[in-house]
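The exercises below are to be worked with the sequence and the 3D view open side by side. Each task is followed by a solution that goes step by step.

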Amino acid sequence: MKRIFRVTCLCVLSLSLFSACTNTSTESNILETNSLLQESNLPYGVPDFSQIKDEDFLPAMEYGIQEQLAEIEAIANNTEEPTFENVFVALEKSGATLRKVNGVFNMLTGAFTNPTLQEAEVALAPQLSALSDAVSLNENLFAKVKAIYAQRDELGLDSESKRLVEYYYDRFVLSGANLSAEDKEKLKALNAENATLSTKFSNQLIAATNGAALVVDSADELAGLSESEISAAADKASENGYDGKYMLSLQNTTQQPAFVNLDNRATREKLYNLSTTRAQRGADTDTGELIIRIAEIRAEQAKLMGFDNYAEWSLKDQMAQNSESVFEFLNKLVPASIANGKAEAEELQSFINRQGDDVELKAWDWNYYAEKLRKEKYDLNEAEIKPYFELFTVLEKGVFYAAEKLYGIKFVRRTDIPVYSDDMRVYELFNEDGSVIGLFYCDYFKRDNKSGGAWMSNLVEQSTLLDTKPVIYNVCNFTKPAEGEPALISYDDVTTMFHEFGHALHGFFANQKYLSLSGTNVARDFVELPSQFNEHWASYPEVFKNYAVHYETGEPMPEALSTKLNNASKFNQGYALTELLTAAELDLQWHALKAGQEVAGVDEFEEGALKETGLYNPLIPPRYRSAYFLHIWGHGYAAGYYAYIWAEMLDTDAFHWFEENGGLTRENGDHFRQTILSQGNTKDYNEMYKAFAGRAPEITPLLKHRGLMAE
């Protein structure tokens, strides 16, 4: 996932505060004493985490906000004739301090948070939104943007500069610039409340997820897990004050990795119930009221903007463009998804019966018996596979190796760059000619103060105008091994690493003048193309044999075992697609609500929405239930979760193009880099894809890739 931070809210700051600040010793004092506002002596200007104080973030962020507000006012009130330079270039250059501090703040609040940072998040949400409103709802500024937009074809602008003008104009219009003064004030209030509640949801969900961890009294209840996993569970329990017990933390998805191997059915059921009710277990963690109010706010925002619902408003600048296109696309997948899911359930129940187990298949049984059936059909055992996937071998010999082969880039580990956790690693990237690309941080192990899931984001974004190179990080939530044990991961974890580094490549290969159009600053339904496309190289024979080596012996995975793993890749795909489709449909249904439309309760809405689409199936729950759907309530993917499946159409079609044109070659890699990865948001997405493939994307490769259509 590319983590998206979007803030649009009520302006609560006063520019007079900034003026007073800049005319006293207060500014000088904060610049001298606040570690976040001092110039970094480290490469790429990255922060020295050993010097940062948590209490510095709130004043540093507020200082940056005030500074940029003054810059925006200066641009808007400039009495000179508006030009591309004094409007658009000035906007791109504004906010340098805030950009620097906010990059660090977002990094830590997502992966290494604490109560001080969480309190700062809540306090800053309306202030950051105020800044967004100060831009998008500023009448003087919009008048200048509009004037230049009207004459953009006569100004002799290069293509990227013209795209920037169109980008800003569209953002202004979609943010309410054409509203009446009264409606702008209403929108500001709604924006403020939405930002505050979204931040509250994210923080509350961390607490809910941590509080719902499964604690058991004996190792027998964890039978089926490996010795190292049980040992790690004992360590986790001890760290949290449960000496002599065992703790399994929750990942952010409905299904949990432990389901695959847990022999004790009662333990599986307990873990499942904790997972699916994590955000419904008490006043401090229940997200229901938050969700309903956020959905109401978004419906009201859309109505103010002249749209039927939030989905229509949100999709206006996406590759899909409208909800009709999205529903049409999803509906093409639903029949195959339902049919295959039903057939898989029947096959699993038949398998259970043959095993002699007196069990009626339930949701908490699916992954457990699916793994057993997979072993029977393909003679595949997860415990047999994991020793060939040591985390950092996968990273350096797999993820990096594929990038080297495709794009000619080199990786050098840096041990002199400060990090916020000893679990992290840092690498510097270079082009084949030795020129610098950027800096890469990776943080792979789960912590209680880390949000669930996996994501990529930028600490620093690329821009030739600002003379900045990309600094990018990947965050995951893999189980940390016990002290002295190897970090062995599942094949799903392997593909997650390739996925997130695909996002990183999109950011590293950015080659834009303007930050607003750079790298991964693209539509949600296009941003997942590079990441999901990169997953394909995890199973590509040349890449696979390079990293899939036994952590003790160094021997490559036997061909018979790798063949079985490859053959099993299409197993259970009806289930996998259905859980994604149900989540995507849930997202769209929540954001198809109209202003004033009442919701009785979260569970009731969820069940009704899925029954309406024909996807309701107690055996195949959504990948994320509404109550813990962080993507859409806290991470900027509202009405956009479909993007993962939409992008899968793109990525499977793109990989099909590679297969037809020679596979893993520098020529192909360079073509993909030049037409997709380096383009940012400088062209129409549909035209960009056609420049790569020579045609529009097709859905057939997706269905074949998932085994839902015959080859």
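**Exercise 1: a strand and its sheet**

Strand S6, residues 455-460, is mostly covered, with six of its six residues buried. The model is a predicted one, and the tasks should be read with that in mind.

Task: Find the strand that is joined to S6 by five bridges, and then work out the order of the strands in the open sheet.

Solution. Step 1: The partner is strand S7, residues 471-478, which runs antiparallel to S6 and is joined to it by five bridges. As a landmark in this pairing, asparagine 458 can be located opposite isoleucine 472 of S7.

Step 1: Extending the view from this pair gives an open sheet of five strands in the order S3-S4-S5-S7-S6, and the pairing within it is mixed. Strand S3 (410-414) and S6 are at the edges and have a single partner strand each, so one side of each is left without a neighbour in the sheet. From one strand to the next, the twist averages 25°.

Step 2: Elsewhere in the sheet, strand S4 (residues 425-430) and strand S5 (residues 436-445) run antiparallel and are joined by six bridges. Here arginine 425 stands opposite cysteine 442 in S5.

Step 3: Helix H5, residues 96-111, packs on the sheet and touches S5, S6 and S7, with its direction at about 150° to that of S6. Helix H18, residues 491-508, lies across S3, S4, S5, S6 and S7, and runs at about 165° to S7.

**Exercise 2: aromatic pairs**

Task: Describe how tryptophan 537 and phenylalanine 658 are arranged as an aromatic pair, and state which parts of the chain the pair links.

Solution. Step 1: A pair of aromatic rings is described by the distance of the centres and the angle of the planes. The structure holds 55 aromatic pairs. In the pair of tryptophan 537 and phenylalanine 658, the centres are 5.6 Å apart and the planes make an angle of 75°, which is an edge-to-face arrangement.

Step 1: Tryptophan 537 lies in the loop between helix H19 (524-535) and helix H20 (541-547), whereas phenylalanine 658 belongs to helix H25 (residues 643-660), so that the pair links distant parts of the chain, 121 residues apart.

Step 2: Tryptophan 537 counts as buried because its relative accessibility is 0%, and the cut-off for that term is under 20%. Phenylalanine 658 likewise counts as buried, at 0% relative accessibility.

Step 3: For a second pair, take phenylalanine 544 and tyrosine 547, which are edge-to-face with 5.5 Å from centre to centre and 70° between the planes. Because these two residues are three residues apart in helix H20, about one helical turn separates them. Phenylalanine 544 and tyrosine 547 are both buried.

Notes. Residues numbered from 1 in each chain as written. Predicted model: local features only at pLDDT ≥ 70, side-chain atom pairs only at ≥ 80, totals over all residues. Heavy atoms only, no water. Buried < 20%, exposed > 50% of the residue type's maximum accessible area, 1.4 Å probe, protein only. Helix = DSSP H or I, 4+ residues; strand = E, 2+ residues; numbered from the N terminus. Pairing = 2+ DSSP bridges. Axes fitted to C-alpha atoms, helices over the stretch in contact; angles between N-to-C directions. Contact = heavy atoms within 4.5 Å. Phe/Tyr/Trp six-rings, centres within 6.5 Å; stacked < 30°, edge-to-face > 60°.
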